[in-house]
Amino acid sequence: MSEQSRPRKPGKPYRRPQKDPVRMLAFEALRAVDERDAYANLVLPPLLRRAREKEGPDKFDGRDAALATELVYGTLRRQGTYDAVIAECVDRPLREVDPPVLDVLSLGVHQLLGTRIPTHAAVSASVELARVVLGDGRAKFVNAVLRKVARHDLDGWLERVAPPYEDDPEDHLAVVHSHPRWVVSALWDSLGGGRAGIEDLLEADNERPEVTLVARPGRSTAEELLREEAAVAGRWSPYAVRLSEGGEPGAVDAVREGRAGVQDEGSQLVALALAHAPLEGPDKAWLDGCAGPGGKAALLAALAAERGAVLLASEKQPHRAGLVAKALDGNPGPYQVITADGTRPPWRPGTFDRVLMDVPCTGLGALRRRPEARWRRRPEDLDGFGPLQRALLRTALESVRVGGVVGYATCSPHLAETRAVVDDVLKQYDGAADLIDARPLLEGVPALGEGPDVQLWPHLHGTDAMYLALIRRVA
């Protein structure tokens, strides 16, 4: 018998649960992330559009969209911390709690511990959501758990669920800052510093990143983008413009028309450094060997056009190659987009003057933007990426002519994906390729380390944790 049809006690008529479009949307997004391994940044925009169309602007406005976005991203970022709190408030292992129930609980815990929503409103809204999506029986369970959670604030819970730093530094940081322990360890190794640096980085990973636009040369300018109401200049790239909170890229004419795009400033700096690296000899043929989804390729193609050079953008996955073609459509100079496996290239060795290989990686440098990735990745993933990264860097070095330059880039600061790959491949070339100091090519950017390679950081530079090594083929 359903909850709705079950007889009620006299004097207590059944009250139909009220659907809250904001929390329903947030729950749907979390279920898609959990059930389909979807990414929140991909599933959320269509859900928001559908809610606006269904509810109308009077019942689902910009504030509702902002709250739904905060509930989704905040819950995903703090999942590890919230799981530890919930585990203290239930009488069974978390793995025995049905995933939809856990999603409702996590949304409720985020409202209680991570927002300014009043306690009574956070609990009642979560219980009402549970009634709609889970039924009255499990809604009572949600109510009981959230009332236990509400007894303490976030700091109070962290004192109870996180081990002392002195006893287990990595586990303490993992619980307090909501990162898997192995990720904390890897990031700490990459930083090579003390407690302050790693805590600043982990905190930065849990902050909402700014939306950064790129003005594609020959098609738009930073000055044009700065005329937008919510726009401020980028920190490092001359083509970067940041949108303050609430800024919507889709509302910018240049973005809708493809003359500008959404691109992290770290990604822009990688393309600019390769484009400005000193060359010996001609500068006519450029290659982006892992071009999808097209952000760096669009910037490189525009910069190449200014010099009379041509970019070949190669991408293995056909659908991503389509995204590259869309990003480059309208480029002011000639270019070509092909679908090809970078480890088995169709072009002849020594064809290019400049080559970018932004290789597939664990994505640990973009956890601000894809918070769910931290819970999906495993240490063993490195075993799969490592051989591919080395093979792609070898292709890049074979593809560039003597005197030309290769840029090896990853959106991961993990040493196994950065310096270890570069060092291993350069050993195989036995003096035929040398590292170039990339730091002078990122003019004005501080805290770039000892070089010659460059590691950017969210907490130091406000960018994704992009890595770049520039290599010149000398023989």
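A crossing of two helices is left-handed if the near helix is turned anticlockwise from the far one by less than a right angle, and right-handed if clockwise. By that rule, H2 and H3 make a right-handed crossing. The model is a predicted one, with local features needing pLDDT of at least 70 and side-chain atom pairs counting only at pLDDT 80 or more, while totals for chains, interfaces and linings use all residues. Residues are numbered from 1 along each chain as its sequence is written, and side-chain values use heavy atoms, with hydrogens and water left out.

Back to that helix pair. Helices (H or I, at least four residues) and strands (E, at least two) are DSSP runs numbered from the N terminus. Axes are lines fitted to C-alpha atoms, for helices over the stretch in contact, and angles run from 0 to 180 degrees between N-to-C directions. The axes of H2 (residues 40-55) and H3 come within 11 Å and cross at roughly 155°. H2 and H3 are therefore roughly antiparallel, given that angles under 35 degrees count as roughly parallel, over 145 as roughly antiparallel, 65 to 115 as roughly perpendicular and the rest as oblique. On the H2 side the contact (heavy atoms within 4.5 Å) is made by Ala-40, Asn-41, Leu-44, Leu-48 and Arg-52, and on the H3 side by Ala-65, Ala-68, Thr-69, Val-72, Tyr-73 and Leu-76. Most residues other than glycine have a negative phi, and most peptide bonds are trans.

His-172, Leu-173 and His-177 of H9 meet Arg-195, Ile-198, Glu-199, Leu-202 and Glu-203 of H11. In the loop between H9 and helix H10 (181-191) comes another non-glycine with a positive phi, Ser-178, at about 60°. Ser-178 counts as buried because its relative accessibility is 0%; buried means under 20% relative accessible area, exposed over 50% and partly exposed in between, with a 1.4 Å probe and protein chains only.

Helix H4 (residues 79-89) has Gly-80, Thr-81, Tyr-82, Val-85, Ile-86 and Cys-89 as its buried residues. Their cover includes H3 (62-77), H5 (99-113), H7 (136-149), H8 (154-161), H9 (169-177) and H17 (373-376).

Then there is an open sheet of four strands, with antiparallel pairing and the order S2-S3-S1-S4. Strands pair if DSSP finds at least two bridges between them. S2 (231-233) and S4 (260-262) are the edge strands, each pairing on one side only. Neighbouring strands of the sheet are turned by 30° against each other on average, direction ignored. Strands S1 (residues 211-215) and S3 (residues 240-243) run antiparallel and are joined by four bridges, with Val-211 standing opposite Leu-243 in S3. Helix H14 (residues 265-276) packs on the sheet, touching S1 and S3, and its direction makes about 30° with that of S1.

Next, the annotated sites. UniProt positions are given in the numbering used here, feature names are shortened, and annotations may be inferred rather than shown by experiment. The unreviewed UniProt entry gives "binding site" for Cys-290, Ala-291, Gly-292, Pro-293, Gly-294, Gly-295, Lys-296, Glu-315, Asp-341 and Asp-358. Cys-290 lies in the loop between strand S5 (285-288) and helix H15 (295-307), and is buried because its relative accessible area is 15%. Beyond four places in sequence, the contacts of Cys-290 include Glu-315, Met-357 and Asp-358. Glu-315 itself lies in strand S6 (residues 310-315) and counts as buried at 7% relative accessibility. Pro-293 is found in the loop between S5 and H15, and a cis peptide bond with omega of about 0° joins Gly-292 to Pro-293. Another cis bond runs from Gly-451 to Pro-452, with omega near -5°; Pro-452 is in the loop between strand S10 (433-436) and strand S11 (454-455).

The "active site" feature, again from the unreviewed UniProt entry, is at Cys-411. Cys-411 is in the loop between strand S9 (400-410) and helix H19 (419-429), and at 16% relative accessibility counts as buried. Leaving out residues up to four places away in sequence, Cys-411 touches Asp-358, Cys-361, Gly-363, Leu-364, Gly-365, Ala-366, Asp-464, Ala-465 and Met-466.
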